Amino acid sequence: MKFTECVIAGKGRGLRATKPLVQGELIGDEEPFAFAVGQAWRNSLCHQCLDVPSSLLRCSLCKFARYCSRDCQRKDWTEHKIECENLRRVAPKVPTETARFVARILQKLGTPIAKDTRRRIDGLCSYQEMDSRSQQEFAELFQTVNTFVGDSAKLDCHVVADLYRKIRCNSFSVCNGEMQAIGVGLYLV
């Protein structure tokens with residue numbers, strides 16, 4: 001292994017190289033715990049594998065999600081099923097990328113997940129305090145997510161606020177081969 005996990009005070013977790021790296025060498029390849037396709041890319045790429053094919057299949061129910069094949073659509077159904085219901089309920093409005101991202105994480109956290117995964121999420125670094133601008137952003141996000149997932153979800157504002165602070169510290173842009181941001185993801189490396 002060429003890396004070791006480290007914690008940098010005030011900045012959070014990271015990876016530190018333990019051996020010299022060669023230019024062009026692949027240093028990591030990780031699937032995100034959760035991700036959401038960016039608004040600008042939502043009609044251009046597969047919402048499962050993130051490929052950009054010449055043609056895409058559209059979810060016949062929500063008309064939002066796009067897939068390069070029936071196989072990708074089937075692979076994504078477990079995660080997309082609840083999102084699909086939510087998208088149909090709020091149509092024609094489409095929540096922001098961040099709201100869909102938070103909803104996907106909350107959805108996964110509401111299902112049985114491995115103890116190690118739960119431990120890694122609980123251990124994510126987060127901003128303890130939010131300035132007034134961040135509080136306003138969170139209030140708007142919470143309202144959007146609450147509307148998106150439906151009032152029956154009974155979201156706990158404190159739980160979502162903790163998740164929001166963790167996302168602000170630990171989410172990354174998901175980039176294509178040309179290093180263009182095509183979405184946002186949470187990686188639990």
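## A buried arginine

Arginine 104 counts as buried, because its relative accessibility is 7%, and buried means under 20%. The model in which this value was computed is a predicted one.

Arginine 104 lies in helix H2. Leaving aside residues up to four places away in sequence, arginine 104 touches Phe35, Asp76, Glu79 and Glu83. Asp76, Glu79 and Glu83 belong to helix H1, and they take part in the contact between H1 and H2.

## Helices H1 and H2

Helix H1 covers residues 70–90 and helix H2 covers residues 97–109. The two pack at an angle of about 115°, and their axes are 10 Å apart. With that angle, H1 is roughly perpendicular to H2. The crossing in which H1 passes H2 is right-handed.

On the H1 side, the contact is made by Asp76, Thr78, Glu79, Ile82 and Glu83. On the H2 side, Arg100, Arg104, Gln107 and Lys108 make the contact. By class, the residues of this contact are six charged, two polar and one nonpolar.

## Helices H4 and H5

The crossing of H4 and H5 is right-handed.

H4 contributes Ser134, Glu137, Phe138, Leu141 and Phe142 to the contact. These meet Cys157, Val160, Ala161, Tyr164 and Arg168 of H5. The contact of H4 with H5 has seven nonpolar residues, one polar residue and two charged residues. In the contact of H1 with H2, the count is one nonpolar, two polar and six charged.

## The protein as a whole

The protein contains five helices and seven strands. Along the sequence, their order is β-β-β-β-β-α-α-α-α-α-β-β. The radius of gyration is 18 Å, close to the 16 Å that the globule rule gives for 189 residues, so the protein is as compact as a globular protein of that length.

Along its principal axes, the C-alpha trace spans about 50 × 40 × 30 Å. Of the 189 residues, 37% count as buried, and arginine 104 is one of the buried residues. Among contacts between residues at least 6 apart in sequence, 55% join residues at least 24 apart.

Key. Residues numbered from 1 in each chain as written. Predicted model: local features only at pLDDT ≥ 70, side-chain atom pairs only at ≥ 80, totals over all residues. Heavy atoms only, no water. Axes fitted to C-alpha atoms, helices over the stretch in contact; angles between N-to-C directions. Helix = DSSP H or I, 4+ residues; strand = E, 2+ residues; numbered from the N terminus. Parallel < 35°, antiparallel > 145°, perpendicular 65-115°, else oblique. Left-handed = near helix turned anticlockwise from the far one by under 90°. Contact = heavy atoms within 4.5 Å. Nonpolar A, V, L, I, M, F, W, Y, C, P; charged D, E, K, R; others polar. Buried < 20%, exposed > 50% of the residue type's maximum accessible area, 1.4 Å probe, protein only. Rg over C-alpha atoms; globule rule 2.2 N^0.38 Å.
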